[in-house]
Amino acid sequence: MGRTVEILTGKAELCRSIMGALPDWFSEPEVIEASALAVEDLPVFGYIEADVVTALIALKPHLPGAVEIALIATRPEYHGRGAGRHLVDAAERFAHDSGARLLTVKTLAPRGRDEPQFEATRRFYDRTGFVRAEVFPKLWHDDHPCLFMVKPLTETQPGRTAL
């Protein structure tokens, strides 16, 4: 069993390491580098198993109402073991503690191709309570339609029982 921790140093290097191990999702070196630079200024949490950071999540506050998952990625050998779910829980706690009422994420929308990795990503967000809200066909690039997803946050924090 692992644990979630806030990452305070080495964020860019960790981002490059994990994204670089996921060429089916992150194939463009300039995207990896831009992400690595961006996470330096964002709250980042990692999921650790056996002293290895197996996954990370970077959050972009859009306060007062929302916190965006700017990046979430899991090393391929750890896919399907729960790290992503734990990191979404951490994002919900962070958003709740910040006073936000929504957790949002942008991901690649279906584009009529056989892309099982992106379908798996969308199913992950569906399973963790996100609602597919809107597609922006040209937000990122003509060939990269953006699916905007939203998760309303409850009054109680995830993983904590209301008394």
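View 1. Pro-64 lies in the loop between β3 and β4, where helices (H or I, at least four residues) and strands (E, at least two) are DSSP runs numbered from the N terminus. The peptide bond that leads from Leu-63 to Pro-64 is cis, with omega near 20°. This is a predicted model, in which local features need pLDDT of at least 70 and side-chain atom pairs count only at pLDDT 80 or more, while totals for chains, interfaces and linings use all residues. Residues are numbered from 1 along each chain as its sequence is written, and side-chain values use heavy atoms, with hydrogens and water left out. Gly-65 is found in the loop between β3 and β4 and is partly exposed, its relative accessible area being 30%; buried means under 20% relative accessible area, exposed over 50%, and partly exposed in between, for a 1.4 Å probe and protein chains only.

**View 2. The loop between β2 and β3, with Ala-50 and Asp-51.** Ala-50 belongs to the loop between β2 (44-49) and β3, and its phi is near 50°, a positive value in a residue other than glycine. Asp-51 is likewise found in the loop between β2 and β3, and has a positive phi of about 65° although it is not a glycine. Ala-50 is exposed, with a relative accessible area of 76%, and Asp-51 counts as exposed at 72% relative accessibility.

**View 3. The largest pocket and its lining.** The largest pocket has a volume of about 1600 Å³. Of the 49 residues that line the largest pocket, Trp-25, Phe-26, Leu-71, Ile-72 and Thr-107 are the closest to its centre. On a 1 Å grid over the protein atoms alone, a cavity is a set of points where a 1.4 Å probe fits but cannot get out, whereas a pocket is an open set with protein on both sides within 12 Å along at least five of seven lines, and lining residues have an atom within 4 Å of a point. Grid points are joined across faces, edges and corners, and the volume is the space filled by probe spheres set on the points. The elements that give two or more residues to the lining of the largest pocket are α2 (29-39), β3 (52-62), β4 (66-74), α3 (83-97), β5 (102-108), α4 (116-127) and β6 (131-141), and the largest share of this lining, eight residues, comes from α4. The lining residues of the largest pocket divide into 26 nonpolar, 13 polar and 10 charged, where Ala, Val, Leu, Ile, Met, Phe, Trp, Tyr, Cys and Pro count as nonpolar, Asp, Glu, Lys and Arg as charged, and the others, Gly among them, as polar.

View 4. The ring centres of Tyr-125 and Phe-130 are 5.4 Å apart and their planes are at 75°, so the pair is edge-to-face. Both Tyr-125 and Phe-130 are buried. Phe-136 and Phe-148 form an edge-to-face aromatic pair, at 6.4 Å centre to centre and 70° between the planes. Because Phe-136 lies in strand β6 and Phe-148 in strand β7 (residues 144-152), the pair ties together parts that are 12 residues apart in sequence. Phe-136 counts as partly exposed at 31% relative accessibility, and Phe-148 is partly exposed with a relative accessible area of 22%. Phe-124, Tyr-125 and Phe-130 form one aromatic cluster.

View 5. With a disulfide taken as a pair of cysteine sulfur atoms within 2.5 Å, the count comes to zero disulfides. The sulfur of Cys-15 is 18 Å from the closest cysteine sulfur, in Cys-146, which is too far for a bond. Cys-15 counts as buried at 1% relative accessibility, and Cys-146 is buried with a relative accessible area of 0%. Pro-145 is found in strand β7 and counts as buried at 12% relative accessibility. Pro-145 and Lys-106 are 39 residues apart in sequence and 9.8 Å apart in space, C-alpha to C-alpha.

Conventions: Rings of Phe, Tyr and Trp (its six-membered ring) pair if their centres lie within 6.5 Å; planes under 30 degrees apart count as stacked, over 60 as edge-to-face and the rest as tilted.
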